[in-house]
Amino acid sequence: MTIYQKLQLRSLPFLIAGLVSLLLLLLSGCHPSNFRSQAAQGSQLVLSALTDPKTFNFANNQSFPNIFLFAYEGLTRENGVTGKVEPALAESWEMSADKKRIVFTLREGLKWSDGHPLTVDDVVFTYRDIVANPDIPTDAKDGLRIGPRGLFPQVRKLSDRRVEFLLPEPFAPLLRATSAPDGVLIMPKHALEETLRTRGSDGNLKFISTWNTDTPPEQIIVNGPFLLESYTAGQRLVFRRNPYYWRQDAQGNPLPYIDRIVWQFVESTDTQLLRFRSGDLDVMGDSRPLHPEYYSLLKREEKRGNFQVYNGGPWSGILYMAFNLNKAQDASGKPIVDPVKSRWFNNLAFRQAVAHAIDRDRINVNLFRGLGVIQNSPISVQSPYFLSPKDGLKVYEYNPQIAKDLLLKAGFQYNNQGQLLDADGNRVRFTLLTNASNLVRVAIGSQIKQDLARIGIQVDFNAINFNTLGDKISTTRDWDAHIIGFTGGIEPHSSANFWMTNGASHYFNLAPQPGQQPPIQGWQATDYEKEIDRLFIAGARELDETRRKAIYADFQRLVQEQLPILLLVNDSALMASRNTVDGLKYTGLPSWGLWNIHELRVKK
């Protein structure tokens, strides 16, 4: 019996546990009503996330959700319903006939949360001095590298409100690269400029260690609808409305409508469910879709609980399993990955065998209650570039016998106990990691352990803290295999930092990163990774949509042929919200269900 089947059998204990949880929260002083009384003069929204934020500095961000969803904006933004790029800090833009020059015009009277004017100087500072700075290892730069040399736009001030971007060649993803929430967000020059002039004892720019989570929240200067009011590690981060935010509604009323947001950190989705059902949370599933078994449970309680459960269709993004394909060595010359395991992981037949051994239909039925979407493409289903199996995309159907045949042909062998050995007699055994806070991923990992045992592979499955997992895959590279998700959307180039070899999120074979310590040596890219680079460069410079689709079709076919990652089952976009929350525009396209938070109201 899975943990999800057990969940169905304990509805009554949930109610009892909910009352107990409510009492404990009241006794501990952590109940959100305490915050409501403090903010009685205004409206309040209570949300939750599984883990604390890792940084208050946009350039250092590598996780989702994050404070930047609430607190920062870009020149443009992507509409979460239509997917179209809309004006944000820039009220308009003009593009030259050759598509190599674009001029943005900022809105008049923009201000930072400290009242300081927001001008073109901040735009130039963000793009030229931070994103294009070779000494700053920000994910934001990967979506803006242009052409085979990875050049950045030349960004030049024309006036206080007009800024010019000069491109070395046409670059189709440019507007989306400037769009919130996944593109470049504008940062304050007057607050951060000095940090780019000095270096710390580690030789890195002071900027890299500026605005970490130990920085007093009132020192964080923002341009979005909400600013940081207080932060208690492991418990909550409180936002309040930014009085200098630029948006107004049609009647001229200042936005946002909501006065205060309490963002609670609850490292268990079961506990989040308890808190939502007991009335402590206003929304659940905004940053990661609801678990399917929660959906069916809450759907039955909608009327009694005065909330609504939304189904936005397939969620954008991917859920995948990856092996560590990195052949580099650390500073002392020790291989990052055990050479024995590295030979397995870098063997295409081994990865194909594992793909055939994973029963994704069973994952969908047992863990997603049939509400999931089995993935075969690394591009989101909402994208016009999405390729399906009927278009010639390779699919790895569940077939343990095919898996065993592939392994035997590749030189692996079985002993008398049915255990898989490599050609040198080594037992095939590796560690699989995921984040403990996501119970669906934990359950998937447990099933994969069972599936691979059927072909003789021993998997040591370990669910760990999300931030610890992030450090392993993005910094120390100390891992064998992992299960994790990656956000998606309409524009394939938005995931360039995951797919291109120089990307900061190219986790399955992460290259040396600027300023990262300790350094690594001997890193190398495979031929198919270099081909992915070529396709992404070609797709970004191509403005003809038909030819662009053909390029990204080749990319999807290549990924499925070479399997640098093994695609699993994706969520449906499921979210629950109290009926007191008004103005939701929920779909499966945006990564964040509350993408239009500046328009939301909380009714009394």
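Colleague: What makes strand β5 (residues 101–106) and strand β7 (residues 162–166) a pair?

Modeller: Two strands count as paired if there are at least two bridges between them. β5 and β7 are joined by five bridges and run antiparallel, so they pass that test. One of the contacts in this predicted model puts Arg101 with its bridge partner Leu166 in β7.

Colleague: How do you know that strand β6 (residues 154–157) belongs with β7?

Modeller: The cut-off is again at least two bridges. β6 and β7 have four bridges and run antiparallel, so they count as paired. Val155 stands opposite Phe165 in β7. Four residues lie between β6 and β7, and together the two strands form a hairpin.

Colleague: What holds paired strands together in general?

Modeller: Strands of a sheet pair through backbone hydrogen bonds, either parallel or antiparallel.

Colleague: Then which strands make up the open sheet of four, and in what order?

Modeller: The order is β1-β11-β10-β9, and the pairing is mixed. β1 (44–49) and β9 (226–232) each have a single partner strand, so they stand at the edges, with one side of each left without a neighbour in the sheet. On average, neighbouring strands of this sheet are turned by 20° against each other, direction ignored.

Colleague: How do you know that β10 and β11 pair, and in which sense?

Modeller: Strand β10 (residues 236–241) and strand β11 (residues 260–265) share five bridges in the antiparallel sense. At least two are needed, so the pairing stands. Here Val238 is opposite Val262 in β11.

Colleague: Let's turn to the whole chain. How many helices and strands does it have?

Modeller: The protein chain has 19 helices and 27 strands.

Colleague: Why does its radius of gyration agree with that of a compact globule?

Modeller: A compact globule of 604 residues would have a radius of gyration near 25 Å, and the protein chain has 24 Å, so the two agree. Along the principal axes, its C-alpha atoms fill a box of roughly 75 × 65 × 50 Å.

Colleague: What share of the residues is called buried, and why?

Modeller: Buried residues make up 56% of the 604. They are called buried because their relative accessible area is under 20%. The accessible surface of the protein chain comes to about 24,000 Å², and 49% of that belongs to carbon and sulfur atoms.

Colleague: And what share of the contacts joins residues at least 24 apart?

Modeller: Counting contacts between residues at least 6 apart in sequence, 70% join residues at least 24 apart. A contact here means heavy atoms within 4.5 Å.

How values were computed: Residues numbered from 1 in each chain as written. Predicted model: local features only at pLDDT ≥ 70, side-chain atom pairs only at ≥ 80, totals over all residues. Heavy atoms only, no water. Axes fitted to C-alpha atoms, helices over the stretch in contact; angles between N-to-C directions. Rg over C-alpha atoms; globule rule 2.2 N^0.38 Å. Buried < 20%, exposed > 50% of the residue type's maximum accessible area, 1.4 Å probe, protein only. Areas by Shrake-Rupley, 256 points an atom, 1.4 Å probe, with all protein chains shown as cover.
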